[in-house]
Every structure is written in structure tokens, then in C-alpha cells.
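Here's a friendly walk through one protein model. Have a look at the sequence and the 3D view, then read on.

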Amino acid sequence: MSKRALIILLCLAMLLPTMLFSCKDTGEENSETVGSESESESESKQTEKETEMNYEGFVITKANKDKLNIVCTADKQSKTYQAAEDLRTHLKKISGWTFPIVEDVVDSPDMFYIVVGANETTERLGYECESGYPGKESVTVSQRDSFVVLMGNDDGEYNGTQFAVNLFLEKLGCGWFAEGSLWTVIPKLDVLDLNIGEVYNNFTPRFSSRTTRVLSATPNLAHRWYQGGDRTLTGHWLYQVVPASEYAEHPEWYGLSNGTRDPAGKTYWQFCYSNKEFADRIAEEAIKKFNSSPSLISLTISANDGWDENWCECENCKALGNASDSMVHFANNVAEKVFAAHPDRRLQIYSYHYTFTPPVNSVKLHEMVELMLCRETNMYKPLDEDFMMPAGRDPVSHIEFTQSWRQNALEYIEKTQPTHLSIWDWYCISAEDEGWRNAPWVQGEVAIRNQKLYEELGAEYVYYDHGPTDGYNEPNTQDTYALRWPLWYVAAKAAFDGSLDEKEILGDACDKLYGAASEMMLEYYLMLSDISKECDAYSNTWIPAKVSEVYPIEKKREIRALAKEIREKAKTECTTAEQNRIESQLKYWL
């Protein structure tokens, strides 16, 4: 070998370790190596690599991120622009890229657009968007070629465009499950595959109003859960506009019981619902309420709260039939006057406690009177099973149940022929039993089946009485949301889209929240749901069975065994955030 060749070989031998070191994968995202290429060279090669991959359809990468615009109105105060800004903010968090919000589409074959809100572009693409309020809520989430359209009716109380943005972000992997950053999921993506096809086209939510106490306590989260719709005012309102203090001026308006109409000293008291002057006064108050609240669609004129005590015993009221007959009579009298001023509004009366039993007589409700059926029966059994409450006077409702809830509802509907029907349901499990304050409860299948029955009965909406409330032993804290989201979230999502079932709703949530433990966590939630459904112990309305009755010792053993398996899997296969979420769900058992 020549001396020149020997020198070359020695040089190569010296360089070889350095070359190998510079090519070695360190396993650290931000590590630097000797001889590494510059950032500009790396970006150039990455761009070339992405170009060579030939993504098809609506796909945004680092190579073409400058080709995506968000198209929206320039009115920054509009719901549409705020939804577009929310979209841009989340896309920035997802990809690291900031996309411009523009008013117009540029005629260029290589551009991509996310069109937020109805405009000339959506019309040109052939999309229609409902407008007006009430009764015209709509949402569209659709992709055609290089356009994604996110729009909805934003008139009145509606937030259709924001709902469309929510749905689109959920498709990208986002999720909002409870208050706090731990329960907000925003993925990190370097490729945005926006080939979503047609998700919803002018979609109308399952129920026209989707209201809970979550909406008033944490409206931002509630809107991520698609709560809202037509605005309603439920509860007990009459005593607020005609208080007991007016007795001296109008004693005949108050119910006669125990020989007196004076409500003083009575914990619960009622009005004389056969009194026409009282009905006229309530009609005047209702007209004032609708005048001052133009977005209010449905207003309660139900009887005062209470049980069977202090209902009016005057001859006129007794002649009407039972308490339910007197409320039908009263509501029709009020409606005659209110209808002339607000024919597109509604007045609610309830099938609840002493008026749970259907009327004796068949009298059609005025077309503006809405019959709200309160789910006054066992808390755990699906309503379509026609579960019978125990015989005798019920300790909660103070009535005697003679048929199942569904049968009772059907008789009520047959006798009153309501034009409008709604539901009141209770998910405030710990309101009357602090033992449930930290105990999980999942309805799952029961919630889905009950909503299906409500829909079959003709219900236009469901009011769920639940949410963070100190009086319900569920304060407005992150811990409360972490504990109750599997209960509240399923009901909210299904009320928006009736095609979803409990496995789809909880399965998607588990995939986003729990990583490698997703399937086991879904199994856990479905186990709780099935165990709850089997409970035969007494419960009614918001009065639950004892925790030990719903979760007897043998069931607790099953839950704990699964919880331990999940915890062990999470220790080795889940991220810290996923482990913290899992621990919050399982700590009650472990």
C-alpha cells in the first residue's frame, strides 16, 4: 500500500466515530449533536419530505400552512367572529400555526378555507342556514373539496356557529369535560387532516332547549356541551309575583285550607286556582315578563312548591275535580289573555307531587300551555321498563302511585291533549343525601333510554335539575365537575344529538382523556351504569337510595378489582395528566 493511501485510511478511521455519533438518535426532542444540520436546512428537508408524501384532499402541513385562511365577517362583536377567533386560538394551540381571519375568498386553486358563519361563499357552495328565533336552531359542519364550512343560526339565544366550531375541534381531538385545564384536551398535531366530509348539514338539535345549572354556573363549559337553545324559565314563579304579603288586599286569591285563606304561618301554601281575577293578574304579570324578556319562550305558571297540604278547598275548586283539574282550568284562563299578546310563547304547568296524578276530567289544554312531565319515580330504573313504585302513600310525593311513570304520562297526555310537552328530570344525586357527595354515579344507558322515551312521548325539551349548587351538596368546584361529568356530560351530548349512545359518548371521552387506559376506563363507567340500573331499593325524584344499596359489598369488590387493574396500567403506560384524571375517578374506591 502506498504512503498516500495509508494516510487516507487513517483519516477515515479518525472521522468514523464522529460521523456515527452525529447520526445517532439521542431520544431527546431538543438535543444537539456534533455536526448536526442547521435549522434552515432541517426545515427545508422536512418541507421536501412533506411534499413527497403527497397528502390528498384537505390536509394542512408545515409545507402549505400559508395556504389556509379562516373566512369570516369583519364584525368583531358578532357571535360569528368570536367563534372564528375561538377556532383560530385552538388551531394555534394544536399546530403552533396562526391562521389569518379574512373576509373574502381569493380565487386561487391551491388555497384552502375554513368558512365560519353563513355568507356569500356558503351560499355559492350550496349550503343553507336557518335564521330567526325561536324554533329554528341549526348547525352545519361540512367539508367539500378545499372548503370546510362551520355555521349555524346565531339569532336570539342560539349559538349555532360556536357549536359548529366545537364539533369541528372535537373531530381534531379536542374535548372539554370539566372545569380546569386537567379536563380540557387539546392535541398537538403537525398535520391537520381536515377531510371531515359532511358531519351535519343544517342539523337541528334533538331537544329545542337544553338547560341545566351548569349553564348558569359555567356558561363557557356548558356551551362546549351544546347547552342552550330556546330560553325557558322553569320552577315556581307565582308566589314571587303575588307574594303572601298581598293577602290583606286580595284574600280571595289565596287557597282556603283548614278554615282560612291566610298563608301566614304555612310553610307551603297554594292559591285559589279557580279564581278568575287571580288568573287575570297572573296573565298581566306573564305579559310583562315576556315584554321585558323578548328571548324568553316558555314561562312557568305551575302551582307553588309543596306537597298535598294547603290546597284550596273552596266549593269552586272542588267542583273542578282534583288538583290537576284545577291547574288545567287555571292555565287555560291565564293563556286566553296572554295568547292575545304573545301567541308564539308558552306557559308551563307540571305533573308534579299533588298534580302528578292526571286530571279526573278530559279537558284540552290551551295551545300555548305546555305540559311538563316531572320524572317522579325511581331514579335508577329505565322508564320504558314500567317500574312500579311501592304501594301506599309515597313518603316523598305524598300521593299513591297506581301505575308506572310512563303509563301516568300517557294518561295525562290523553286527557289534556297538550300542543307542547316537556320534561323535568333530576340528576342532583347528593341533594338530600350527603353520602353521595363524593360517590360516583353514572346513568349511561338509562339516560339514553329515558331520552328516547321522552322523545317518543313528544317532548320538545328536557330540563335537567343538576349542576354545581351548594344547596345540592355539589359546590362549584373542579372536584365536583371531575366527579359528575360522566353523569352530566352524557345527558348533555345525547340531548343535542339523539343518534349517540352512551358507549359512543363515553368512549370518545375516554379515548381523549385516558390514553392507554381508555378501554378499561370505559369498562369502568359502563360497570357503574349497569350496577346502578340493577338497584331495586327505594328512591324517588331527587331522593336516592343509600350508596350501600346501589353499590352492595359484592359490587364494590368488582369495582375495586377493576380500579386496581386500571391504576396499575396507568402507572406504566399513561402520561402524568392521564394518571391524575384516572386517580380522580377511582380514588373513592381505592
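## A buried aromatic patch

Let's start with Phe-271, which is buried at a relative accessible area of 0%. Buried here means under 20% relative accessible area, with exposed being over 50% and partly exposed in between, using a 1.4 Å probe and protein chains only. Tyr-254 is buried too, again with a relative accessible area of 0%. This is a predicted model, where local features need pLDDT of at least 70 and side-chain atom pairs count only at pLDDT 80 or more, while totals for chains, interfaces and linings use all residues. Residues are numbered from 1 along each chain as its sequence is written, and side-chain values use heavy atoms, leaving out hydrogens and water.

How are the rings of Tyr-254 and Phe-271 arranged? Their centres are 5.3 Å apart and their planes sit at 40 degrees, so the pair is tilted. For such pairs, the rings of Phe, Tyr and Trp (its six-membered ring) need centres within 6.5 Å; planes under 30 degrees apart count as stacked, over 60 as edge-to-face and the rest as tilted. Both residues lie in the loop between helix 8 (238–241) and helix 9 (276–292), so the pair ties together parts that are 17 residues apart in sequence. Tyr-254 and Phe-271 also belong to one aromatic cluster, whose members include Trp-253, Trp-269, Trp-311 and Phe-330.

## The overall picture

Now zoom out. The protein has 19 helices and 18 strands, where helices (H or I, at least four residues) and strands (E, at least two) are DSSP runs numbered from the N terminus. Its C-alpha atoms fill a box of roughly 130 × 60 × 40 Å along the principal axes. Of the 590 residues, 54% are buried. Among contacts (heavy atoms within 4.5 Å) with a separation of 6 or more, 73% are between residues 24 or more positions apart.

## A pair that spans the sequence

A search of the whole structure turns up 45 aromatic pairs. In one of them, Phe-177 and Tyr-489 have ring centres 5.2 Å apart and planes at 65 degrees, so this pair is edge-to-face. Phe-177 sits in the loop between strand 7 (175–176) and strand 8 (184–185), and Tyr-489 in helix 14, so the pair ties together parts that are 312 residues apart in sequence. Are these two buried or exposed? Phe-177 is buried, with a relative accessible area of 0%, and Tyr-489 counts as buried at 2%.

## The nonpolar core

In soluble globular proteins, nonpolar side chains tend to be buried together. Here the largest nonpolar core has 163 residues, and Ile-114 and Trp-485 touch the most other members. A core is a set of buried Ala, Val, Leu, Ile, Met, Phe, Trp, Tyr and Cys residues joined through side-chain atoms within 4.5 Å. Helix 14 gives the most to this core, with 12 residues.

Leaving aside residues up to four places away in sequence, Trp-485 touches, among others, Phe-177, Trp-183, Trp-225, Leu-506 and Tyr-525. Apart from this core lies another one of five residues, including Val-71 and Phe-147.

## Enclosed spaces

Rolling a probe the size of a water molecule over the atoms shows where empty space is left. On a 1 Å grid over the protein atoms alone, a cavity is a set of points where a 1.4 Å probe fits but cannot get out, while a pocket is an open set with protein on both sides within 12 Å along at least five of seven lines; lining residues have an atom within 4 Å of a point. There are four cavities of 30 Å³ or more.

The largest cavity has a volume of about 100 Å³. It is lined by 14 residues, with Ala-303, Asn-304, Trp-311, Tyr-352 and Thr-355 nearest its centre. The second largest cavity comes to about 70 Å³, and helix 14 gives the most to its lining, with four residues. Residues lining this second cavity include Arg-210, Gln-227, His-466 and Trp-488.

Of its 20 lining residues, the closest to its centre are Asp-86, Gln-162, Asn-220, His-223 and Arg-224. Which helix supplies the largest share of this lining? That's helix 3, with six residues.

Conventions: Points joined across faces, edges and corners; volume = space filled by probe spheres on them.
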